[in-house]
Amino acid sequence: MGYCLKKLEHFLRRSFYRLGYTVAEHYGYFIMIPLFLTALLATGFQRIKYEDDPEYLFSPRSGFAKRERAIIEENFSLNFSSNFSPSRITRLGRFARLLIMAKDEGNLLRSAIWNDIVSVDRLVHSVSVNLEDRVARYDDLCAIWDSKCYENNILGLQDFMKEIEKGNFSLSYPFMLNPETFETIVFPLFFGGVKVDNNTNIVSVKALSLFYWLKTNDAKETAEGALWEDALLKALENRDFGNITVARFISRTLELELENNTISVSPFFGLTVFTMIVFSVGSALSGDWVRTKPWLGVLGVLSVSLSCVAAFGFLVYIGLDFIGINMAAPFLLLGIGMDDVFVMLSAWRRTKLQDTVQERMGHAFADAAVGITITSVTDVISFFIGAITPFPSVQIFSLYTGMAVVVAYFWHITFFGGCLAFSGFMEKEQRHGLVCLKIKPKSEAVDAGCCYRVLCTGGISENDPWNQKDNKDHIIMVFFRDYFARILNIPLVKAIVIIVFMLYLAVACWGCTTLNEGLERRRLSRDDSYSVLFYEREDKYFREFPYRIQVVITGDVEYSDPKTQEELLVLLKKFESTKYSGSPIYTESWLRAWLGFVKRNQEFLGFNITSEEDFCTQLKELYLSGPANAFAADVRFNEEGTRIIASRFIIQSYNVTDGNADKDMMQEFRKVALDSKFNVTVFNPYFIFFDQFTMVRITSVEAICVSAVIMMFVSLIFIPNPLCSLWVVFSITSVEIGVVGYMAFWNVSLDSISMINLIMCIGFSVDFSAHISHAYLVSEGETPDERVKDCLYTLGLPILQGGCSTILGVTALVLAPSYIFVTFFKTVFLVIFLGVLHGIILLPVLLSLMGPGSCSKKKKVEDTPPTMENAQPFYVYGTEKSLWVDPNNMKIPRPRSVTTVQNGTTQVTPLALSRNGASPAGPNAIKGKHTSFLEKDLGLGTSSEISSESSLSKEVIHRRYGSDKVNDSGARSGPHVLKGYSNNAYESDNKINEKRRIQKDSNTGSALHIKYNNNDRYDDWDYPRRNYHGSRSPPNYSSPLRFSAPLVLTGGQSRHPGSRDKSVHRSLSLVAQHGSKTSSKSSRGYRERS
């Protein structure tokens, strides 16, 4: 299996190499086609359908409350035009609710205050709306009870308020009869913050609740009710009500607030785009004005924006509803989309500058496309897993965002890839990255002005493409490799990282136990909404008796059977004895009332209710008949009227203080119903919303587990190492636990909004861990520490840039006055912050300790005959050296030369070792047989021609021609003898030139005189090929030992003194013989000519 996975990886890399090569050859098509498709798909927005129904969006499709409502609506119907009862509604319909308090927050039972309350009621009744055929007021649209509007009978206390204020009239709690109208007033339904004396008489009232119900029997009445609600809001807005304050709420408040949420975040989109452009341009800038890519930063933001437009337009085309939460998607996609842009730019920076643009694009795609494919696939999977959750808001958001990620991926490798190729051709032509004018490389602008060197230099020299001055690494990439990774590889630091991680995980697990669940209605409103005051007052004063619970019994039940009657009454007592039930005096039970009526009138009327038919007949004719009888709506008979098909009781909930209590109350009532022998259904219209409290935890855990398992297999496909894949899954789990735990401390609940982010968390956490694991696995480092350096050098900067870009992309959401969007920011911030820390700190440590090759703490040393890879050691002044040096990390010593004086002219000539290690005497000896052997086989030349034809070809090594003469003063004139760069050669140093002095012979210049250098040592050492990452060799490179300069002596002594001379030269001979078999064609050609 591992072999097949590796073959798959190689296939993907080859495929992406060919794709990158093709994009570079035809970049114009790859730029124009995505632009055309985006413009075409954008036309779909003309068919947009906005969905803002909170019940549809935030309640689960498979919620149990919807089945309960279906059962009740199947058996009972409520006519808003007659006998309306708020306790028996199954849908909230159209209504307005006012919560009134005194401005001084004192007692409402004062005449002046009550007069203002009555004035507000009159204002409500006077609100009118222009309809198609008439002008309608509240009295024309109100729900009907007993042939008149369902009124707030509590307002009838106005006639007694003066006496109440004087203390001459008492209000008996919890209910009383109006002495004038004989209507029952149930005070808990109207009063909040009630204080009573020892005689249960009301002393003071803090808040008053008034309901205004509208008819909603059909769609027309529903639409008319919506218009009246809007008119009421306008009438109450910014109005002074005298001694009272009014908090208002209508049935469409949640819908309007969802729409306002969308509007609130829209102005920040432009700010986010500007911020991302500034950050992207800044991230793409460098000190080299040819390789800097500011326009690619702008085009990267444009690529993400185009993908959002194209994806959203396509989904609108096919008829998918658009919701306000989708407005968070562009902010999110700007962040995660730019992550892929930075990875592609980093891969481009690591390509060899001397290659063609097509080759560089191929290598960049081979390096980056596999990584961004992993992240894109995992992100898409995580979003599409969210699309199968039972919450429509999560489904719709996940579909829009997942499709945008898919389109962004293709737009990155086509549109942005084409832009990258175009930028590469500009770079090849030595054009300024900002103004597109041709400029000089730094190595050729030494004599230019300061401003020109700072602002107008870059690229590589055409004549000298390998020089070190033009081939410098990105400073932050070097920082991650040479400093950050070095610190991270210290054993003590690794131990600290593990300890800190364990503490982090412990705190996160504790946070998970304190997490609240469910999306409260108030959190759907803007922070500056009028409804916030309403929710505050409702929670403070009206949570003691909040809901009327319907208990419905269906099925074949013998209501005439005394045993059945007793069992039903026992069932009612169980409901009334629960923790969240009010006193039995608040229960509406037709059975209890009917049996009491029969018992009181049995002797007088002579009832016979022993048979089921007689029971039903007597009940229907004697007790349920007549107008304004609420119990008539609680019993359903069969067509013959001989049996009861369904019956209903109403129970009052009590002391339900918050969202968690809402869930517990609902579950407790359902448990009593489930344990009963009867077919019992409990319901309240708000149960539709409470169902999310019970399902959000289970759904989140299921989605996270499924996502984690799928991510493990996806990671195993793209990262062909089971151990790395397991660490990826471990990182996902750790980040997920951290996000859930720490968002509890940040006042974020587990609801449908945060669940979206938790599902996204899977994809985001895979991004960083998969990048690092893949880079660690493909690294050619021989030890874990070297692999850590390689992976951080490769991806430390892109991960940091990607994390910052994602956080910047959603930072504007925190400015929106909305819990929805602030929650997005908080959870995405936690995901990205923890993901980055796991990616660049924890995961490298874990991989180095328990990853692939973690047991290889030292480089492998093979006991084989001398070869290029395993040369015999030699000694330099007591220090053992190996002649084999890795070409990517090789340090080359400075050569020495001898000075000859002939015919009055002083000539400096490189000096090579002979076979026996002795320095030849005289100019003829320098050109001798043994010297030429080493010159040819080790790439040692005494002229520019030999040097250019030896180990490296002319396209790699460029010699500076000219004689190297020493004048009478002893100073060297003319250019350097040889100049090698990052192509495994060397560059001579003026430091040695200044130290070297030539001793002229007093006689004729025909004799050879050698001046010994006082410091017989190797000078500074170079790190070649700094600009090139990886183990690929430059073009026509043949042997790591074929230097473009001779091994030389500064005098007649051997460079390797003492008894070790023989072993040294044996090693040189063996390596030279091997090198002669593997030399390049140009080298073989030279030896043949010799």
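Predicted model: local features only at pLDDT ≥ 70, side-chain atom pairs only at ≥ 80, totals over all residues.
Phe-479 forms an aromatic pair with Phe-484.

Another of them joins Phe-397 and Phe-824, whose ring centres are separated by 5.3 Å. The planes of Phe-397 and Phe-824 stand at 50°, so this pair is tilted. The two residues belong to distant parts of the chain, 427 residues apart: Phe-397 is in helix H14 (residues 392-428) and Phe-824 in helix H27 (residues 819-850). Phe-397 is buried, with a relative accessible area of 0%, and Phe-824 is also buried, at 2%.

Ring pairs also connect a cluster that includes Phe-95, Phe-211, Trp-213 and Phe-249, together with Phe-80, Phe-84, Tyr-150, Phe-534 and Tyr-535. Charged side chains are placed over rings as well: Arg-648 lies over the face of Phe-76, 4.4 Å from the ring centre, and Lys-677 over that of Phe-678, at 5.7 Å.

An open sheet is built from four strands with antiparallel pairing, in the order S8-S11-S1-S12. Strands S8 (191-192) and S12 (244-250) are at the edges, each pairing on one side only. Seven antiparallel bridges connect S1 (residues 95-102) with S12, and Ala-96 has Ile-250 of S12 as its bridge partner. Helix H5 (residues 111-126) packs on the sheet and touches S1, S8, S11 (207-213) and S12. The direction of H5 makes an angle of about 15° with that of S11.

Key: Residues numbered from 1 in each chain as written. Heavy atoms only, no water. Pairing = 2+ DSSP bridges. Contact = heavy atoms within 4.5 Å. Axes fitted to C-alpha atoms, helices over the stretch in contact; angles between N-to-C directions. Phe/Tyr/Trp six-rings, centres within 6.5 Å; stacked < 30°, edge-to-face > 60°. Buried < 20%, exposed > 50% of the residue type's maximum accessible area, 1.4 Å probe, protein only. Lys NZ or Arg CZ within 6 Å of the ring centre and 35° of its normal.
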